[in-house]
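Have the sequence and the coordinates at hand, and follow along region by region.

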Amino acid sequence: MAKADFEVPVLKQYPEIPEIEPGVMAHSSPFKSKEEFQAPLGYPGTLVDDWQEKAIDKMGELLGRYRGLRVYLDSCVKCGSCTDKCHYYLGTHDPKNMPVGRQDLMRKVYRRYFTLAGKYFPKLVGAEDFTEEVLNDWYSYFHQCSQCRRCSVFCPYGIDTAEISMAAREIMDHIGVGQKYCNEIIGKVYKIGNNLGLPGPALEDTLEGLEEDVYDDTGVEVKYPLDQEGAEILLITPSADFFAEPHVDGLIGYGKVFHEAGVSWTLSSHASEAANFGMFIGSYENMRRVALRIREAAIKLGVKRIVFGECGHAWRVAYSFLNTLAGPWDFLDQRYPIPQHICEFTYDLIQQGKLRFDKSQNDDMVLTYHDSCNVSRASRMGDRPGGQFDIPRAIIRATCNNFYDMDEDTIRDRTFCCGGGGGLLTDDLMEIRVKGAQPRVEALNNVMQEKGVTHMAAICAICKSQFTKVLPYYGMDMDQIVSVHQLVSNALILTGQNTDEDEEEVADEAA
Amino acid sequence: MSFISTIYAYVFYFAAFVLVAGLAAKVVQYARAPAPLKIPTTPAPTTRAGVVFRLTREVVFFESLFRGNKWIWIFGWMFHFGLFLVTLRHLRYFIEPVWAPIQFIQPFGIYGGIAMVVGLAGLWARRFLVDRVRYITSLSDHLILALLITIGLSGLAMQFLAHTDVIRVKEFFQGLYVGQIMLLPADPLLLLHLLLVAALMIIFPYSKLLHMPGLFFSPSRNQVDNPRERRHVAGWARRLEQSQ
């Protein structure tokens, strides 16, 4: 079990709604950004002198820019429906981690400066000046939100705390109070092309290594091309896929699927990152700048299609925003969705009967599936609403013999965030990450006890990294989290594969 | 007594003006602010008709609230549906002749009044009994509940305890249409009831009662899930594109 200098939540058999413990997470806040990380994004390096005035101005600007922000700040009736829905509240018991508690941190400032009632009767409606104390609360608690949107599912008006967290971070960045983790990473994308700062030669090296591994394993020359002009498909995948476990096993899987599909594809060193941290900090401009790299790469390489790898928030930006930010995509092949998710791609091939699987290759695992928050509640796959739930499950069922879902209240659009999304996947936020994972890990633990589940599959780089790190705090193993395309990779029978599974294949055909 | 009638007449002119103008200003403000990104909470409808259906379910059945919390849903729905029936019943004071459906609804309006008060009491009780809800409750939340429940109770009291002369009440409001101030019965319950209703109308555009128009403008509920099929760009975002 990993060591913690805080109390790791106890996993229960039945979920419990905790009593509130005000202020218990007030100490949790991420490292502040510095001049060198702020400047490339166009933000001041330290707290500006007239920060209060600047912040209110910025809030006014955002209220005019985003209808959602104003409607959400006006509409809350404090009914309480959201209060027990946030994984960070359930894991920490801090009422400022209830979605409405978090929203109120901004709402009280909004009311003070932008509403009649708050201007003249602040006490009555809970309006407050934007003081340094409030700013500190903002920095702390708006970095305890993973922008997973679970609250918005249960709100009678669809109030989405993610929108409010994003606006708060944008306002704070503009007065020089940025978060180091997100802003340093966005800078790396501008400079090098991906979040991890892996330069082209390093990527090439890694990909060559993968080709060798797959060849040794299967005897088939599966290619993992980089910057190949004229390829049909541009694959955009989170940079963690290049080296982290279990992410890289997913990348191996994508390559095998493309190989079997017989399509040419390539990665890009210029756009070697699917994730778009511009969304986390609520900056349309930075989000757009990151997204435009994909457009530039697609034009330069002359591809016809864009496919995204397994990455949750990335898929939100790709599915919901890419057309807005970096479109129109009139130069791509209009017969395919733009962009397409790798799961949609693989699923189509399965439907057409073009992939052959040996499911027994995954028999050492009993699987469950973690719906990643932003895939579930902020995007879609396939033609029908809810395809984002059904398509990954269909892939798992096609490649594995043993699959059980977790409790209904914790999957599909009611899924719990892994606890590390939205710019929180940094070691300086370990406590909130571990505590925020509690509801998900509890549901996982229950299917482990009841159904003998051994592994949990996911399609998000953040989820995978988060669980790898966090599961050991709960006495579980870090390798219990796997990629969906890792399962595909294990079970896929490549054409011409030198099989030590020949016998099983015969048995399969007989069956 | 005509002094009180005169005051009430002007109070209602003022209240009606604030309600209509304030709400209109707010709706215009919402409508003019762009929604630059597609952010429907998914799974979301992929067609306009689907969105209308989704919003109808939210307005009529409080679908999301039902999924969120059954207690709040029961009390909240009782209150709102009760208020809806009560409002229909009260239309008889404001239209002449009274339409057949409104005549038909009259007895149900009384049940509605009872349901409304019971629902409000349940919602108010939660503000004391549930620690999470207690934490998020501010003074204004209590006051709005007190206002609504007093309106409901004073109305029911006039039904069951001390009748007022409803014919003259109707004459009073009909008179307001043509700028004529008719005599209002000087019953304390009626005067209280009407004063609080006027107060409710006045605070409507400046309080959380804005959740009513808000729901229709909520991007997470009113957007069509079709970002890949149709490019969605807000005005200010398009200017960003042109500046490069």
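In helix α22(A), the buried residues are A:Ala461, A:Ile462, A:Cys463, A:Lys464, A:Ser465, A:Gln466, A:Phe467, A:Lys469 and A:Val470. The helix, which spans residues 461-470 of chain A, is thus mostly covered, with nine of its ten residues buried. Keep in mind that this is a predicted model. What lies over these buried residues? The cover includes α13, α16, α20 (430-436), β6 (455-458) and β7 (481-483) of chain A.

Two of those covering elements, β6 and β7 of chain A, lead us to a sheet. Three strands of chain A make up this open sheet, in the order β5-β6-β7, and their pairing is parallel. Which strands stand at the edges? They are β5 (367-369) and β7 of chain A; each has a single partner strand, so one side of each is left without a neighbour in the sheet. On average, and ignoring direction, neighbouring strands of this sheet are turned by 40 degrees against each other. Looking at one pair in detail, β6(A) and β7(A) run in the parallel sense and are joined over three bridges. For A:Ala458, the bridge partner in β7(A) is A:Ser483.

Next comes a pair of helices. The axes of α17 (residues 342-351) and α19 (residues 387-399), both of chain A, come within 9 Å and cross at roughly 50 degrees. Angles from 65 to 115 degrees would count as roughly perpendicular and angles under 35 degrees as roughly parallel, so α17(A) is oblique to α19(A). The crossing in which α17(A) passes α19(A) is left-handed. From α17(A), the contact draws on A:Cys343, A:Glu344, A:Thr346, A:Tyr347 and A:Ile350, while α19(A) supplies A:Ile391, A:Pro392, A:Ala394, A:Ile395 and A:Ala398. By class, the residues of this contact are eight nonpolar, one polar and one charged.

Now for some backbone details in the loops.

| Cis peptide bond | Omega | Loop of the proline |
|---|---|---|
| A:Glu245 and A:Pro246 | about 0 degrees | between β1 (233-236) and α13 (247-261) of chain A |
| B:Thr42 and B:Pro43 | about 0 degrees | between α1 (2-32) and α2 (48-61) of chain B |

Positive phi values in residues other than glycine deserve a look too. A:Asp227 has a phi near 55 degrees and sits in the loop between α12 (200-218) and β1 of chain A. Is A:Asp227 buried or partly exposed? With 17 other C-beta atoms within 10 Å, A:Asp227 is partly exposed. In chain B, the phi of B:Phe62 is likewise positive, near 55 degrees, and this residue belongs to the loop between α2 and α3 (63-68) of chain B. B:Phe62 is buried, because 21 other C-beta atoms lie within 10 Å, and 20 or more make a residue buried.

Finally, let us see how the chains meet. Their contact takes 59 residues from chain A and 55 residues from chain B. On the chain A side, the elements that give two or more residues include α2 (51-65), α3 (67-75), α5 (99-114) and α16 (312-326). Among the contributors, α3(A) gives the most, with six residues. By class, the side of chain A that touches chain B has 27 nonpolar, 18 polar and 14 charged residues.

Definitions and conventions:
Residues numbered from 1 in each chain as written. Chains lettered and ligands numbered in written order. Predicted model: local features only at pLDDT ≥ 70, side-chain atom pairs only at ≥ 80, totals over all residues. Contact = placed C-beta atoms within 7 Å. Helix = DSSP H or I, 4+ residues; strand = E, 2+ residues; numbered from the N terminus. Nonpolar A, V, L, I, M, F, W, Y, C, P; charged D, E, K, R; others polar. Buried ≥ 20, exposed ≤ 12 C-beta atoms within 10 Å, placed from the backbone. Axes fitted to C-alpha atoms, helices over the stretch in contact; angles between N-to-C directions. Parallel < 35°, antiparallel > 145°, perpendicular 65-115°, else oblique. Left-handed = near helix turned anticlockwise from the far one by under 90°. Pairing = 2+ DSSP bridges.
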